[in-house]
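Please look over the structure shown here, and then read the short report that follows.

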Amino acid sequence: MLRLLTFCSLLGLFLGTPVHAAEPIPVVASFSIVGDIVSHIGGNRVNVDTLVGPEEDAHVFDPAPRDAARIAAAKLVVINGLGFEGWMDRLIKASGGAPKLTIASEGILSHQSTIDGHERIDPHAWQDVGNVRTYARNIADALIAIDPEGGGLYRANLSSYDDELAGLDQEIRAAISAIPTERRKIVTTHDAFGYFALAYGIEMVAPQSISTEAEASAKDVARIIRQVKSEKIPAVFLENVSDPRLAERIAAESGARIGGKLYSDALSKENAPAGTYIAMIKANIRELTKALMP
Ligand SMILES: [Zn+2]
């Protein structure tokens, strides 16, 4: 009898009380852009903790012991992948936890960039909005896998977010096509816009490689200055995660103008123009259009 009762009360507990009701699911995102996508898909069923926050540079992130504790508390960890978070494996090991790890860029067509004669995979895939539609699907799949009860919400959020992303992609294409072809080229500090260049047909030149870790050499800077002059590149852009002095020097010595600031590897703070991924891309389009339209 006692056993039956226990069974019944357990069953009642099981059917009557949804497990998620009390606590949102703890998810760690490696950096601000992935964190924003997770928030859009997860809504209030998830609690997103972002390791490398707004205006911070994930290339040179140095995890602290408290970051291992944040990983240990997570049920799911979402990273960009493509070698962007070189510090993550060590951090997960240090945490002692075994969270499910999702690589948001899984399945995208990656491309390479040459650094000092070596081919390396370019991690900045989020600069092509088409890729972020894949990120969002991967993140939705991961959330459904750990929280099947939330499947309806995650699918609905994915569907409306995907519509917004498709519209954003069209918006970029329309903006770029309005710029005269010979003016569709810019200089940025580090080579973060390879995917943008490829997807939307704009030429990007950078003195610093696909990581901000190594400084640009004097030779690279001199080469860029010559290239800006010979190709009449209209504008040199600053980036939110890079030191502005390099871009300023190239502009001063080449006669190109400073075109404003592009958001490359991080969102801005919430109350600034690039607080979400979609706002970030829109801010970049505004800056490009302003600088490149004759
Ligand atoms: Zn970068």
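This is a predicted model: local features need pLDDT of at least 70, side-chain atom pairs count only at pLDDT 80 or more; totals for chains, interfaces and linings use all residues.

The length of H10 can be checked against expectation: its 16 residues, at 1.5 Å a residue, should span 22 Å, and the end C-alpha atoms are 22 Å apart, which agrees.

## H6 beside H10

The axes of H6 and helix H10 (residues 277-292) come within 10 Å of each other and cross at roughly 5 degrees. Because angles under 35 degrees count as roughly parallel, H6 is roughly parallel to H10.

On the H6 side, Glu-164, Leu-168, Glu-171, Ile-172 and Ala-175 take part in the contact, and they meet Ile-278, Ile-281, Ile-285 and Thr-289 in H10. Sorted by class, this contact of H6 with H10 has six nonpolar, one polar and two charged residues.

## The two domains

The domain assignment of the protein gives domain 1 (20-169) and domain 2 (179-292), and the centres of domain 1 and domain 2, taken over C-alpha atoms, are separated by 25 Å. To the contact between them, domain 1 gives 28 residues and domain 2 gives 24 residues.

On the side of domain 1 that touches domain 2, helix H2 (32-42), strand S5 (112-115), helix H5 (129-146) and helix H6 (151-177) each supply at least two residues. By class, that side of domain 1 has 12 nonpolar, eight polar and eight charged residues.

Methods. Residues are numbered from 1 along each chain as its sequence is written. Domain bounds come from an automatic or database domain assignment. Two residues are in contact if their C-beta atoms, placed from the backbone, lie within 7 Å. Helices (H or I, at least four residues) and strands (E, at least two) are DSSP runs, numbered from the N terminus. Ala, Val, Leu, Ile, Met, Phe, Trp, Tyr, Cys and Pro count as nonpolar, Asp, Glu, Lys and Arg as charged, and the others, Gly among them, as polar. Axes are lines fitted to C-alpha atoms, for helices over the stretch in contact, and angles run from 0 to 180 degrees between N-to-C directions. Angles under 35 degrees count as roughly parallel, over 145 as roughly antiparallel, 65 to 115 as roughly perpendicular and the rest as oblique. The expected span of a helix is 1.5 Å times one less than its number of residues.
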